[in-house]
Amino acid sequence: MRRWFEEFDRDILLPILLGEIALHNITLRSGNGSNADGDDCDLKPCNAYSISAATGLPRETVRRKIVRLVELGWVSRRSNGHLYVSSVAVKHFGQLLSSRELADLLDTAERARRILPD
């Protein structure tokens, strides 16, 4: 967790949100693979509302943290608000995002979130 804390600018919520976005994205689409944006993305989109609902964090907090993840280049946001883990994040965290460690990280982060004050 300490490495992750440093990696994410000492903000423990950033890896929680990146992990949730990744979990939402990995649900593959059925059909031809094109999404509403007309591209060939096989990732399921999510938005700040769905991430807020999944994490239990306030929507405004989630929105602010997503802005930071976009600034870091780890999340891309479409004009319609859809969020995707970026190729930069996949290259940087790919092994973790595609491994069992992600679930362990999210579990640890969830426990940390519960004990942190709001």
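This is a predicted model: local features need pLDDT of at least 70, side-chain atom pairs count only at pLDDT 80 or more; totals for chains, interfaces and linings use all residues.
Local features need pLDDT of at least 70 and side-chain atom pairs count only at pLDDT 80 or more, while totals for chains, interfaces and linings use all residues. Residues are numbered from 1 along each chain as its sequence is written, and side-chain values use heavy atoms, with hydrogens and water left out.

**View A. Packing of helix α2 against helix α3.** Helix α2 spans residues 13-25 and helix α3 spans residues 48-55; helices are DSSP runs of H or I with at least four residues, numbered from the N terminus. The two pack at an angle of about 110°, with their axes 10 Å apart. Axes are lines fitted to C-alpha atoms over the stretch in contact, and angles run from 0 to 180 degrees between N-to-C directions. The angle makes α2 roughly perpendicular to α3 (65 to 115 degrees). From α2, Ile16, Leu17, Glu20, Ile21 and His24 meet Ser50, Ile51, Ala54 and Thr55 of α3 (contact: heavy atoms within 4.5 Å). By class, five of these contact residues are nonpolar, three polar and one charged. Ala, Val, Leu, Ile, Met, Phe, Trp, Tyr, Cys and Pro count as nonpolar, Asp, Glu, Lys and Arg as charged, and the others, Gly among them, as polar.

**View B. Buried and exposed residues of α3.** Seen down the helix axis, the buried residues of α3 fall within an arc of 100°, so they line one face; the arc is that of the directions from the helix axis to the C-beta atoms. Tyr49 and Ala53 are exposed on the face turned away from the buried side.

**View C. The two ends of α3.** Gly56 follows α3 and has a positive phi, near 80°.

**View D. Ser52 and Thr55 beside Leu57.** Thr55, in α3, is buried at a relative accessible area of 4%. A polar atom of the Thr55 side chain lies 3.2 Å from the backbone nitrogen of Leu57. Ser52, also buried, has 9% relative accessibility. A polar atom of its side chain lies 2.5 Å from the backbone oxygen of Leu57. Not counting residues up to four places away in sequence, Ser52 touches Leu57, Pro58, Arg59 and Val62.

Key: Angles under 35 degrees count as roughly parallel, over 145 as roughly antiparallel, 65 to 115 as roughly perpendicular and the rest as oblique. Buried means under 20% relative accessible area, exposed over 50%, partly exposed in between (1.4 Å probe, protein chains only). A polar contact is a pair of N or O atoms within 3.5 Å; within protein, one must be able to donate a hydrogen and the other to accept it, and residues adjacent in sequence count only if both atoms are side-chain atoms.
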